[in-house]
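I opened the model to see how one chain folds up.

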Amino acid sequence: MPQTPHIERHFTASDTIRDIVIGMSDGLTVPFALAAGLSGAVSSTAIIVTAGLAEIAAGSIAMGLGGYLAARSDAEHYTSERKREQLEIQEKADAEKEEVREIFASYGLTPEQSAPIVDALSKRPQAWVDFMMRFELGLEEPDPRRAFASALTIALSYIVGGFIPLSPYILLTTAQTALITSVGITLLALLIFGYVKGRFTGTRPLRNALQTSVIGGLAAAAAFLIARAIA
């Protein structure tokens, strides 16, 4: 009997989705709060659009820079820990072998069962370091292009998210009418964003949509009240 090939479908773009979530969430809430807060102070949308565009530009740069620095920090941390692990394998080989045995013991292997693996690893220093980095420290080697990609993804997501609540102020001339429209499309965008995120990550799309809209709506409402109080 021919066997059906086993095909595993795992989601492997979690870092990218995380960056999109970070950028889009802030992009939807911060410009909305600024525009909504100014709506009570001015009647013309021209000033609100100018302020909103300036905020989107500044916010996307700041968020992108933050993503870049965070990714660079992860890479530097990994490099530092790898050098330390290489040194420990050279200077404290017996202690490192015992740590390997403890790792396998946590998976239910006896010392006799893990002994051949420990011995094999000790003869391959590079693989030994790789093993310790992953299973002792829980660290994966970062993609060297990760920092730039993270910065770009977060910045672009922020810009896209920011234009959603600002678009009514660009298209309409009355601030109060634009505010009501902005509230509606921002909530709709949060629902769609949450649903799409749920589809990509393999979680319940509808639950994700409601969760994202509620959390994003509460964040936007809090930011709006603060902006309105200041304005």
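**Entry 1: V100**

Helices here are DSSP runs of H or I with at least four residues, strands are runs of E with at least two, and both are numbered from the N terminus. The model is predicted, so I noted that local features need pLDDT of at least 70 and side-chain atom pairs count only at pLDDT 80 or more, while totals for chains, interfaces and linings use all residues. Residues are numbered from 1 along each chain as its sequence is written, and side-chain values use heavy atoms, with hydrogens and water left out.

Is V100 buried or exposed? V100 is buried, because its relative accessible area is 1%. The cut-offs are under 20% relative accessible area for buried, over 50% for exposed, and partly exposed in between (1.4 Å probe, protein chains only).

I then listed what V100 touches, leaving out residues up to four places away in sequence: V118, L121, W128, F131 and M132. A contact means heavy atoms within 4.5 Å. I also checked one pair by C-alpha distance: V100 and M132 are 32 residues apart in sequence and 7.6 Å apart in space.

**Entry 2: the core around V100**

I looked up the nonpolar cores next. Such a core is a set of buried Ala, Val, Leu, Ile, Met, Phe, Trp, Tyr and Cys residues joined through side-chain atoms within 4.5 Å. The largest one has 13 residues, and those touching the most other members are V100, L121, W128, F131 and M132. Two or more residues come from each of α2 (45-91), α3, α4 and α5. Which helix gives the most? That is α5, with six residues.

Helix α4 (residues 111-122) has 12 residues and reaches 15 Å from its first C-alpha to its last, close to the 16 Å expected at 1.5 Å a residue. The expected span is 1.5 Å times one less than the number of residues.

Which residues of α4 are buried? They are S114, V118 and L121. These three sit on the same side of α4, because they cover an arc of only 60° around the axis. The arc is that of the directions from the helix axis to the C-beta atoms. An α-helix has 3.6 residues a turn, so residues three or four places apart point the same way. On the face turned away from the buried side, α4 carries the exposed residues E112 and P116. The buried residues of α4 pack against α3 (93-106) and α5 (125-136).

For α5, the buried residues are A127, W128, V129, F131, M132 and M133, and they pack against α2, α3 and α4. After α5 comes G138, whose phi is positive, near 70°.

S60 lies in helix α2. S60 counts as buried because its relative accessibility is 6%. The side chain of S60 reaches the backbone oxygen of A57 at 3.0 Å. That is a polar contact: a pair of N or O atoms within 3.5 Å, where within protein one must be able to donate a hydrogen and the other to accept it, and residues adjacent in sequence count only if both atoms are side-chain atoms. Not counting residues up to four places away in sequence, S60 touches A155, Y158 and I159.

T153 is in helix α6 (residues 146-171), and its side chain reaches the backbone oxygen of A149 at 2.7 Å.

G184 is in helix α7 (residues 175-201). With a relative accessible area of 39%, G184 is partly exposed.

**Entry 3: the whole chain**

How many helices and strands does the protein chain have? There are eight helices and zero strands. Buried residues make up 33% of its 231 residues. Of the contacts with a separation of 6 or more, 74% join residues 24 or more positions apart.
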